[in-house]
Amino acid sequence: MKHTILRGAVALTGTAALALGTIAPADAARAGVREEKKAVQWLAGELGEGDLLVNEQYDFTDVGLSIDAGLALKGAERKGAVARDIAAAAAEQVTSYTQGGEFDEGAVYAGATAKLAAYTVLTGGDATDVGGTDLVAQLEGVTTDEGPSAGRIVDQSAYGDYANTIGQSFAAVALTRAGSAEADAAVSFLLQQQCEEGYFRLPLTADAAAEDQTCDGAEGQPSVDTTALVLNQLLEIDGGADVTAAVDAAAAWLGSVQKDNGSFGTGVDGEGANTNSTGLAGWALGAVGSCGKARKAARWVKKFQVASKHSETQLDQEIGAIAFDRAAFKAGKTDGITVETRDQWRRAATQAAPSLQNLSKATCTQ
C-alpha cells in the first residue's frame, strides 16, 4: 500500500528536496512508470520454471531471495499474480526452508518462519496452512513467552540462534495479521530494537536472558538497510501511537543520513553508497510521503539501471537490471552478468526496483 501522509519530521526533511526536480511532471510520470516497469520485468524474468529464483553458482533454490523478489513486486504494486505464484512455490518448500530436517533435526528457524508467514499473509494467503504447515503456530513456538525477552523470536537449532531484527519485523507482521495472542509482545520487542536516534539495529542482544534487550542498552550500530526494511513492515501493522512514533523516527533518521547526491550507504563504516541501501531507503521514504528525498534516491538508483542505451554492451539482454554500485555496473558492461555475479544483481533489484516509482510525481505525490 502506498502511504502518502507526511508525518512530522519527515515533512520537514523532504520539503527542500522537492525543489530539486528538473523533469516536467508529465515526463517524470512517464519516466517513473517506464524505469520501474523495466526493473520489475527483469526481476520477474529471473524466476525459474518453478516460480522461484535458482542460484546456478551454488545450485540451490533460494527461497528467501525469491520472497524478497515477491516483496519487491508487491512494493511496486505490479505483477500481483507473480507475487502470489512465488508464495505458492515457497509453500512447497516450507519444511526445507523453515525447519532443519535431517541436517539439523528438530530445528525451527525463526527468521525464515516469520518471513514466509508474513509474505503469505501479505499476498492474501493463510499462514495457518502453508504447504500443510501452520506457520503461525510454528512462529508462536519460537517466540519467547515471558521475561525481558518476551516477544523475541529465537532459533531452535543445534547451531545457535541467528534471529535478528529483520526477522522480528516479519514476525510482528505475521502474528499481528493472524490475530495471535503473542502479537503485541512481538511488536513491543521489535520497537525496543530502535535506538533513540531513530535507526533500528540488525543483531539482537546476544544474551537473551539479559535484563536490557534494547538497542540503546547495547549501543546498537546504525543500519540503513535494517531501518528501511523494518519501517516498511511497520507500515503493514495497525499498531497505534507507538508504531506511528517509531515510523516517524525511523523516517526522520533515514532522511538525515542521505548523501547530497541522493544515495545511501549501509551505515557500516567503510562501506560506500550502493543501490541496495539507496533503493530500500528511497522505497521507505516514498511510502511515508517524503517524496523529495525518495525522488533523489530514485534518481541515483536510475544511474545504475541497464537501459536501451546500453544495448551495444554485454548487458544488451539485461534491460531493466540494476547494478549494486558503479564498479558492478562497469564490470557488467564489459563482462555481462555472469553466473558468479547474477546473485548480486538480483539482490540489488529486489531492494531497489520499488524505489523507482518515486521518479514519478504521479506516484509519490507529496
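User: Which residues of helix α14 (residues 326–335) are buried?

Analyst: Quick ground rules: this is a predicted model, where local features need pLDDT of at least 70, side-chain atom pairs count only at pLDDT 80 or more, and totals for chains, interfaces and linings use all residues. Residues are numbered from 1 along each chain as its sequence is written, and side-chain values use heavy atoms, with hydrogens and water left out. Helices are DSSP runs of H or I with at least four residues, strands are E runs of at least two, and both are numbered from the N terminus. With buried meaning under 20% relative accessible area and exposed over 50% (1.4 Å probe, protein chains only), the buried residues of α14 are A328, F329 and G332.

User: Why do they line one face of the helix, and what arc do they span?

Analyst: Take the directions from the helix axis to the C-beta atoms. Seen down the axis of α14, the buried residues line one face because they fall within an arc of 100°.

User: Which helix do the buried residues of α14 pack against?

Analyst: On the other side of α14, R326, A327, K330, T334 and D335 are exposed. Counting contact as heavy atoms within 4.5 Å, the buried residues pack against α15.

User: Which helix gives the most to the lining of the largest cavity?

Analyst: On a 1 Å grid over the protein atoms alone, a cavity is a set of points where a 1.4 Å probe fits but cannot get out, and lining residues have an atom within 4 Å of a point. The largest cavity is lined by V54, N55, E56, Q57, V339, R342, D343 and R346. β1 (53–55) and α15 each supply at least two of the lining residues. The top contributor, with 3 residues, is α15.

User: How much space lies in the largest pocket?

Analyst: A pocket is an open set of grid points with protein on both sides within 12 Å along at least five of seven lines. Points are joined across faces, edges and corners, and the volume is the space filled by probe spheres set on them. For the largest pocket, that gives about 850 Å³.

User: Of the residues lining the largest pocket, which are the closest to its centre?

Analyst: The lining has 42 residues, and α3 (63–75) provides the largest share, 6 residues. Closest to the centre are D68, L71, K115, I166 and F170.
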